[in-house]
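Subject: Structure handover

Hi there,

Here is the structure I promised to pass on to you. Please have a look at it first, and then read on for my notes.

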Amino acid sequence: DGQGEPAIMRRRPGQTEFDVVAYVHPQTRFDVHPQAGIILAQIEITRNTNPLYDLYHLDPATGDIKRLTEAGRYRYVTWHPNGNRIAAVKYSLGTETLMTLDAAGQPAETLWQAAPGDVIGQIDWSPDGKHIAAAVWTASEGWNIKEIDTTTRKWRNLTEDVAIDGQPQYSPDGERVVYASDHRGIYNINSVDRADRSVKILTNVITGAFSPALLGDTDLLYLGYGAQGFDLYQMKLADAEKIERPHVRPGPSAFVAEALPELTEVDIEDYSPWRGLAPQWWSPHLVIGDGRREWGAFTSGSDALQWHRYFLDFAWDSKFDHGVGSISYAYDRWLPTATLRAFRYSLTTLDDAGNVERLRLSDSVHAELMIPWLRYKNRWTIRAAVIQDRESDHFHVKTVGLQESTLDGMIAGAITHDTRSNYVRSISPSNGHYAIAAAELSGYLHSDYHGKMLKLDLRQYFALNDEHVLALRAVGGLGVGKPRPFHIGGAEAGSLDFSELGVPEYQSVFNKRYYGLRGYPEGLTSMRGRRMGMGSAEWRFPLGRIERGWMVPPIALSQYSGTLFAEGAVVWQDGLRPQNMRRAAGVELNAEMDFFYHVRLDLRVGIANGWDKGGDRQVYFTLGRAF
């Protein structure tokens, strides 16, 4: 439904509702055997980079899924009628192979290997176990329904026409094969007699009919396409006798291309990443809040093999005339991934009247190694970094005087775990969690600070009904010795989150000392310390889906939503018992924008009220979400 993971669903005889058998990955193909269970061909990430189809067994009684193959590349699968064997289509090195495996997924024999360029699609095993029907594409014939004799391994055509034919399924008695065909320009369900290859048209829809299956000898099931997507239909086969029988035109459905001229002189040169490194998009950087007016842009790029990746963000603060931003470069050819980052951001201190009395610039350089372990729903990363951070005054009022520059040299390590999911109809991440556990040690390098900092950041998302989301966050930091302190406050401190923009995760998990607390200004001296804790709860709810925009400039408004939130934080210097809780609550209006066709930005307008010392009513406007 676009709000969660796809599921294998089951409707029992006499029921009107469907039961969830198990949740699976997108684009999963499957076949059902009444005794052996369900066999899945499902995509999983292999070796951190390759999305490959593998075979899984699903027990429909318990919903348990067991992986059978590793990097098998099996795209389509069907049970033998006895349930003791599997036939599957394997894709490897540009060649497709039809082969059989035992019920545990171990290869048994190769039935057929396609010629280069030929394609085999959906397959089905005949009820007598002697044939396998398949949708096959060849350059000379296009898409047709064929079947292979599993003993002689010889193919024969069941259809030979100008239509695109696919999705074959045998009838329970094995005498016919039903399939989807566009022989009249619209996909409908046909039936071909295996004995004389005569064709019958079973449906006559105007929007499309797909994925047929026969329910006994009396009923046809199929998926019909309509204005709201696909629906499941059931019809009596007797009704098909009333449908007109147009002539099925023989001939190939393929457009035979002219042979390319033979290349006699070919220049071969070493791979060069430089041709594809130029950025292909950009998007605005905008933060307006206490002590800052940042205007700028960010972009990213990579070479064709993604060995070299970079991210650039630059903005000019028009209020205090200085630049901020970041530069990140990742070399991702080997394991671990090596990353270099450079950041500059501004830090403000406010007086009792809420005016900026000091603005310092933080310039930091990170050298980081990352070892990922990536799966579709389970992404772990181990990180180690060396960090140098320098803070210096850019502006101060005369009454407070110049504050000396400080240097913080750190070595750091962290583990992150990410199971978050964003779906087509999501208004935010709506399932899963993101967790960061980090340790930073100051003083082992040249540094004005000496101490340890331990941090834990947990973000959890729960999908509620009708696209609503409950988002929770808890952050804790414990400093030992004399590390650089935490600073709490401001609505925009965590707003620019680039991890959901379709670019690599260039934001470092290290050296984060500034956390936003809506309803409180940034820079209050009473909200600084070497120990902190904070928590947020947000109810995010949809308000409307627009899905309209302009071609020039290429900007669209996808949907808008609201957020009700409550949060609180404590910051203290010594001991383990926090004091001086700051609490806040508020409401936000969020508009999901699409810039330049594939860049998503969340425009955020909010009102927050801080209930405790230093709090006030705060109106803010930012790009992105707080977490």
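Below is what I found, going from the whole chain to single residues.

Please keep in mind that this is a predicted model. The chain holds 40 strands and 0 helices. Its C-alpha trace spans about 100 × 65 × 50 Å along the principal axes. Of the 627 residues, 48% are buried. The chain exposes about 31500 Å², and 57% of that comes from carbon and sulfur atoms. If you look at contacts with a separation of 6 or more, 50% of them are between residues 24 or more positions apart.

Ala-133 is placed opposite Glu-147 in β13.

Charged pairs

Side chains of opposite charge can pair when their charged atoms come close. In this model the count comes to 38 salt bridges.

- Asp-19 and Arg-12 form a salt bridge, with the closest N and O atoms 3.9 Å apart. Asp-19 is partly exposed at a relative accessible area of 27%, and Arg-12 is partly exposed too, at 41%.
- Glu-70 forms a salt bridge with Arg-67, where the closest N and O atoms are 3.6 Å apart. Arg-67 counts as partly exposed, at 26% relative accessibility.
- Glu-467 and Arg-425 meet through their side chains in a salt bridge of 3.0 Å, N to O. This pair links distant parts of the chain, 42 residues apart: Glu-467 sits in the loop between β31 (450–463) and β32 (469–482), and Arg-425 in the loop between β29 (406–418) and β30 (432–442).

Why does Glu-467 count as buried? Its relative accessible area is 12%, and buried means under 20%.

A nonpolar patch

On the surface, a nonpolar patch is formed by Phe-462, Leu-464, Leu-470, Leu-472, Trp-539, Leu-564, Val-587, Ile-607 and Val-619. Together these residues have about 740 Å² of accessible area. Leu-464, one of the patch residues, lies in the loop between β31 and β32. With a relative accessible area of 41%, Leu-464 is partly exposed. Glu-467, from the salt bridge with Arg-425 above, is in the loop between β31 and β32 as well.

One more loop

Pro-553 has its place in the loop between β36 (531–550) and β37 (555–572). Pro-553 is partly exposed, with a relative accessible area of 45%. Leu-55 is 498 residues away from Pro-553 along the chain, and their C-alpha atoms are separated by 45 Å.

Happy to talk any of this through with you.

Best wishes

Methods: Residues are numbered from 1 along each chain as its sequence is written. This is a predicted model: local features need pLDDT of at least 70, side-chain atom pairs count only at pLDDT 80 or more; totals for chains, interfaces and linings use all residues. Side-chain values use heavy atoms; hydrogens and water are left out. Two strands pair if DSSP finds at least two bridges between them. Helices (H or I, at least four residues) and strands (E, at least two) are DSSP runs, numbered from the N terminus. Buried means under 20% relative accessible area, exposed over 50%, partly exposed in between (1.4 Å probe, protein chains only). A salt bridge is a side-chain nitrogen of Lys or Arg within 4 Å of a carboxyl oxygen of Asp or Glu. Patches are made of residues with over 30% relative accessible area and no salt bridge: like charges are joined within 9 Å, nonpolar side chains (Val, Leu, Ile, Met, Phe, Trp, Tyr) within 5 Å. Accessible areas come from the Shrake-Rupley method with a 1.4 Å probe; for residues, only the protein chains shown count as cover. Contact means heavy atoms within 4.5 Å.
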